[in-house]
Amino acid sequence: MKRWRTPATLLLASMVMLACSGQRPVAAPQASAPATGPAQGGRLIYALSADANGFNPVTDQFAAQSYSMAGSIIEPLVSVNANGEWKPYLAESLTPSKKYDEWTIKIRSGISFSDGISLTGDIVKANLEAQKKSPLTAAVFVPIKSFELADPMTVVVKLNQPWVAFPYYLAAQNGMIVPPSSLTDTKSGSLKPVGTGPFIFKEYVPDNRMVVTRNPRYWQKNLPHLDEIEFRILPDSQTRAQTLEAGGVDAIGTSRDEDLSKFGAMKDTYTVHRAQGMAVAEYMFLLNTAVAPLDDVRVRRAMAHAMDRQTVIKTLRGGLTEPAEGPWSKDSPWYAPGGYPEYDAAKAAALVKEVEAEKGPIRFEMISTPDPNTMQGVELAQDMWRKAGIEVSIKQADQADLINRAITGNFSATVWTQFSAQDPDGEYIWMHQGYAKPVGAISLNMTRLKDDQLSAALDVGRVSPDEATRKKAYATVQERLRDQVPYVFIDHLNTGAIIAKTRVRGIGEHVLPDGDKGLPLTGSPIPYHPFGQLWVSER
C-alpha cells in the first residue's frame, strides 16, 4: 500500500478522501445495544480502511484512520459536543478578546503525558509554534501573529485579524498536544506516539496493525474501560465486512450502503452508527476552473444541469442519501436554499451547443481511483455528460497521485469527497481565492476559483461574532458556489458508518470533561470517534 509522503499531499486530516460507493440495497434502521453499565477490561479488534503515514500531528498527514489510532493516545486542546459547539478539553477554558483578535487558553491542571511529563503552558505553546512552522499545517495558522506564555498554565494567541471560529481548529490535528520528546525527535514521535490520552502505544506493524494498551495514569477518572485495542488494517471494504461477519474483528468502518442494509437487518448481532449533520461530507466532482474547457462557467453549468443526482443516488446508494446543493445539508443551521442548477438535459445541451459554436467540441479528462465502486460513479457521470454533448475520457490514478494532481492543478476534473467541518469557517482555506494558486503551484483551493464575492463572504464569516451576520455571509457563499459551479455536487454521504458487534458498547456515546455529550461521529467518508469510553459486554 502506498503512503502519502510527498510534500504535495501534506493536507489536513479531515479534508478529503475519495468516496467509495456501493449498490442497490434498501435503507436499514439503526440498531442500538441494550443499555447496561460499563464493564472494565477486555480487548477490542477494530478494522480500519487504511494505515496512517505516521502518528505525529506536527509532521504527519492525518486522515480518519490516523485520528482513530493516534487519537487514542494523543488528545486535543478542544473537542466538539453533540450540538456542534466547541468545548475545552485539555484546555480548561478559551477566552476571546472583545474583538476576537486574541484568544487566551488556560491549560487544565493535573494532566501528564504517559511518559510522566506534566502538561504545562510552555509545552502547549511549543506545540502550537511547531504547528505554525510545519509545512503540513502552516496554512491554517496564517492569521496567527504570535503565541505568548502569560503564566505557567496560560497561552495567549495573538491574531492578525478577528477569528471567531479559531477554537474549532484546535479540536483537530492542529490542537493535538504531544510531549517535548515528540517535537525534538519527530521520527520517534511519528512511529511511537506519546500523549495524554487513555491509551499507550504498544506495537505498530505498518500496513497490518497498531496495538494500544490502557493508560494507568490517565487524568479522567475510571477511564478507559478497555485494557487493549488492536487496530487492524483492512483496506478492502468487502474484506472488512466479511471479516466482521466471520468474527475476526469486533467493529469496522464502512461507507458501503450494502453493509448498512445487511448488518442493520441483524439487530441482535450488530449495531450500525451513521454520521449525521455537519459531520457528513459531500460527494462531488471537483472542477479545475483555471484550465480549458472548465475555465468557461457555461461548461461547468452544463455539467451540473446534465447530472441526474437522483439516478446517481438510486444507483450508487440504494436511495439512502439526499441530493447535495452545496457544502451544507438542509438540516444544517448554515444551509440556504435556492439556486442550484437542477437536472435539465435540454438546458445542458443548449449550453454545450453555445460553447461549441464559439470554441469547438468540449473534451476533457477526468481522473479517478481504480476502485470498482468509485469507477461506477465516474462512468455514470461520464455517460450523463456524453448525452449533453461533452466528451469525457477517464484516467485512473492511485489516491496519492490523484491528490497530488489536484493540489498542483494537473487535472480537469476528479471525483471528490469533502466538507465535514462543524463550523463553516472550516472550509475557508479550500474556497477562498487567497488560497487559489496558479497551475503548477500547490493550491489548497483546488478548484482555483477566484471570486471576489465568495471570498468577501468567507472573510465576513471568519471575523464577525454575530450569528445573523455569519449566516448571511454563508448564504452568499452558497449562492456563489451555485452560480460559479466549481464543484458538481451529488449527495450528502451519510452512508459513512461504524458497524460493530452488539457486545461493543459506547460508540458515539462519549461524554466530554464538562459533562456534555460529545459529537458522536465525524470525518469522511468513513467516520471516526473517541475510544476512551468504549467497553465490551460478555455477549
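**Notes on the salt bridges and the overall fold**

1. Let's start with one side chain in this predicted model. Glutamate 258 counts as partly exposed, because its relative accessibility is 23%. Its salt-bridge partner is arginine 256, at 3.4 Å from N to O. Arginine 256 has 10% relative accessibility, so it counts as buried.

2. Next, have a look at arginine 298, which pairs with glutamate 358 in a salt bridge whose closest N and O atoms are 3.0 Å apart. Arginine 298 sits in helix H8 (residues 297-306) and glutamate 358 in helix H10 (residues 345-359), so the bridge ties together parts 60 residues apart in sequence. Arginine 298 is buried, at 14% relative accessible area, while glutamate 358 is exposed, at 54%.

3. Lysine 501 and aspartate 250 form another salt bridge, with 3.5 Å between the closest N and O atoms. Lysine 501 is in strand E19 (residues 497-501), and aspartate 250 is in the loop between helix H6 (237-246) and strand E11 (251-254); the two are 251 residues apart. Both residues are buried.

4. How many salt bridges turn up in the whole structure? The search finds 31. Arg43, Lys202, Glu228, Glu230 and Arg232 are linked in a network of them.

5. Now for the big picture: the protein has 15 helices and 21 strands. Its radius of gyration is 23 Å, close to the 24 Å from the globule rule for 539 residues, so the protein is as compact as a globular protein of that length. Buried residues make up 60% of the 539.

Methods
Residues numbered from 1 in each chain as written. Predicted model: local features only at pLDDT ≥ 70, side-chain atom pairs only at ≥ 80, totals over all residues. Heavy atoms only, no water. Helix = DSSP H or I, 4+ residues; strand = E, 2+ residues; numbered from the N terminus. Rg over C-alpha atoms; globule rule 2.2 N^0.38 Å. Buried < 20%, exposed > 50% of the residue type's maximum accessible area, 1.4 Å probe, protein only. Salt bridge = Lys/Arg side-chain N within 4 Å of Asp/Glu carboxyl O.
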